[in-house]
Amino acid sequence: MNTISVTFPDKTQRTYEQGITPLAIAESIGPRLAQSAVAAEVNGIVRDLTVPLSENSQVNILTGESPQGHEVLLHSTAHLMAQAVKELFPDAKVTIGPAIQNRFYYDFDIEGTFSEEDLRSIEAKMKEIARRKLSISRKELTRQEALNLFSSMNESYKVEILEAIPEDDIISAYSQGDFVDLCRGPHVPDTGKIKYFKLLDSSGAYWRGDEKNKMLQRIYGTAFATKQGLKDYLYQLEEAKKRDHRKLGKELELFTFDEEVGPGLPLWLPNGTILVEELESLAKETERKAGYLRVRTPHLTKGKLYERSGHLEHYKDSMYPAMDVDGIDYYVKPMNCPHHHKIYAALPRSYRDLPIRLAEYGACYRYEKSGQLFGLMRVRSMQMNDAHIYCTQDQFKQEFLDVCKLYLYYFKIFGIEKYEMRLSLHDPAELGGKYINAPELWLQTEQAVREALQEGNLNYTEIPGEAAFYGPKIDVQVWSAIGREFTLATNQVDFAIPERFNLTYTDEAGHEQTPLCIHRAPLGTHERFIGFLIEHFGGDFPLWLAPIQVAVLPVSEKSLAYAREVQSLLIEHNIRADLDTRPDKIGAKIRQSELKRIPIMLIIGEREARDRTVSLRRRFEGDLGSVNMDTLIPRFVEEIKQRRLPHRKTR
RNA sequence: GCCUACGUAGCUCAGUCGGUAGAGCACUUCCUUGGUAAGGAAGAGGUCACCGGUUCAAAUCCGGUCGUAGGCUCCA
């Protein structure tokens, strides 16, 4: 019998008989490894544990705790669920069931829907099948065999998938007991490997994600290699719910929605308004230093402007319908750009004036489809920290880089560590169609953007074919504590202006030239940004943002007069201070302030009144002892001015 | 927009078989004047989302509308 040499990740080598399976290798290393193995990475490819090895190989036995192993486990759990569904609902047709981040789903075509009880009984059936320890085996089929098999099973979706598989791909099916599924694999060797799982929820999902197709029923679930892993994940989901900006927004009285006002139209309560205005101050201060000029424009505009801008042609579905004013169509604005272009065009411009950076906290209205609305993250009325930079070709790279640096400046202030910049490029094949036909301009600008990013040492990924119709763009993705991904900031280059708005400047030689326009919103919209911040900070805002910065808490009415003095002193120094005059005990007042997540508490009893001091208590730090107000106030003022982050880690 | 679920006091939520509305917190008043996460008592607070239907009788059953949530799709 021939032998082969197997190399392990730690570079050790062992010799085995040719045809040995990774499972047998795992057994030879130790029973515990064999027990927890779910798949094997053979020469860099994740494979089934039961595939025999025919040649010298590098082998990494994967347990369900490795990322690749976890994916296999999740995928196999999806199959287990499909088997359970087929046993309970024989008429259900299976479609696809992939693993996603920490979860899996499977889409079924059934009559009606899955109820909560259905999920429970499916889960119970899954446990039962898992206990049967059915071995999971792979079989490679010819296209015709596969078509015959799935046609005979009446699995029309599988037949449809088969028809779309390219000619030379290997077609494989996995079976466990009576259940057979068309699948590329790999899978765990038997259902007994699947121990710790939970079905999370069900919902509708279109076949192939296309709303023209039939609505299928999707079930989401999760699975882990260990009991603790599952427990931790479910705990994490619970914790994430506590940080949900909609829940915190209510608890901390930041914003509200009202049925009579309308969906997606947030009302900012006084506490939330403080957040909005602090962000505005930050942006105004930053932009003033960066040479931006502030402008203001109306909310209503004639349709003619949006014909010129191209919005009515490309964007009409997302605009509120026109209102008729004296026989002329007027629209509420969905974007500020056309107005800013008009401001640029209002005066003759020389190359000496450029770059011109026009900034506005402009309110916009977009008609989002009702199903898209989501708390503050997706709304119909919004305010953007918008600006448009008009510059020459020569100035473009520097201007673009400066904008990107602005992002980083803001991210540092907010302690945003995880973000991703996505550079969306045009697709040359669609010039003149999806993209305006200016091939040289595209290439030249995209290259300038790349260089700007590289010079700024910014990490980014390139996404071909995702640019706006008028130019390349950078979107900045961030992830909220709940794990939702959001496009917060955007930075776009606009080529469409020259032809549509006739914007010009006079160059050194006295010739008319067309400027480039950069459209940028580093904080995106107030609504989404604050929604994100609420989740990012879990409601514990840094001092400069906290709606109530200081709670003044008198121990009893005897020290109320001095407490009032302290509050006035704080307010004089522009510190937002609340005074708790309720006849509660000090413990209760502290609890209330803690629940409201007020960062600083000043406790004032007779001792403090006598010594003219305060007892300082900070959230997450507790009692910090008695301090003189004269030393305390400059410290608070400085912390606010520098916009320092809280001591505690925010994520 | 589509699928599904949900909508009861300011908030969080009970409410059985259809028989006319409940708790905790918050709020108001009173007692208590206290020392670092809940002192005590009383009171007030509801068109059970809205509209219609079935019924002697609807928070409860049925239909519609509005809103919210989880998805699908799309985006700041």
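Biologist: At what angle do α5 and α6 pack, and how far apart are their axes?

Modeller: In this predicted model, helix α5 (residues 143-152) and helix α6 (residues 156-164) pack at about 165°, with axes 8 Å apart. That makes α5 roughly antiparallel to α6. Angles under 35 degrees count as roughly parallel, over 145 as roughly antiparallel, 65 to 115 as roughly perpendicular, and the rest as oblique. They run from 0 to 180 degrees between N-to-C directions, and axes are lines fitted to C-alpha atoms, for helices over the stretch in contact.

Biologist: Left-handed or right-handed crossing?

Modeller: The α5 and α6 crossing is left-handed. Left-handed means the near helix is turned anticlockwise from the far one by less than a right angle; right-handed means clockwise.

Biologist: Which residues of α5 and α6 meet?

Modeller: From α5, Arg 143, Ala 146, Leu 147, Phe 150 and Ser 151; from α6, Lys 158, Val 159, Leu 162 and Glu 163. This contact between α5 and α6 has 5 nonpolar, 1 polar and 3 charged residues. Contact means heavy atoms within 4.5 Å. Ala, Val, Leu, Ile, Met, Phe, Trp, Tyr, Cys and Pro count as nonpolar, Asp, Glu, Lys and Arg as charged, and the others, Gly among them, as polar.

Biologist: And α3 with α4: what angle there?

Modeller: About 110°, for helix α3 (residues 67-88) and helix α4 (residues 116-131), with axes 9 Å apart. That makes α3 roughly perpendicular to α4. The crossing of α3 and α4 is right-handed. Their contact residues divide into 9 nonpolar, 3 polar and 2 charged. Leu 80 and Met 81 are among those on the α3 side, and the α4 side includes Ile 122 and Met 126.

Biologist: Switching to cysteines. How many disulfides?

Modeller: The structure holds 0 disulfides. A disulfide is a pair of cysteine sulfur atoms within 2.5 Å.

Biologist: What about Cys 391: which cysteine sulfur is closest?

Modeller: The one in Cys 517, at 8.3 Å, too far for a bond. Cys 391 also counts as buried, with 0% relative accessibility.

Biologist: Glu 639 next. Buried or exposed?

Modeller: Glu 639 is buried, with a relative accessible area of 8%. It lies in helix α20 (residues 629-641). Leaving aside neighbours within four places in sequence, Glu 639 contacts Leu 543, Arg 618 and Arg 644.

Biologist: And Asp 326, where is that?

Modeller: In the loop between β18 (323-325) and β19 (328-332). Asp 326 is exposed, at 77% relative accessible area. Its C-alpha atom is 24 Å from that of Asn 336, 10 residues apart along the chain.

Biologist: How many helices and strands in chain A?

Modeller: Chain A has 20 helices and 33 strands. These are DSSP runs numbered from the N terminus: helices are H or I, at least four residues, and strands E, at least two. Buried residues make up 52% of the 651 in chain A.

Key
Residues are numbered from 1 along each chain as its sequence is written. Chains are lettered from A and ligands numbered from 1 in the order in which they are written. This is a predicted model: local features need pLDDT of at least 70, side-chain atom pairs count only at pLDDT 80 or more; totals for chains, interfaces and linings use all residues. Side-chain values use heavy atoms; hydrogens and water are left out. Buried means under 20% relative accessible area, exposed over 50%, partly exposed in between (1.4 Å probe, protein chains only).
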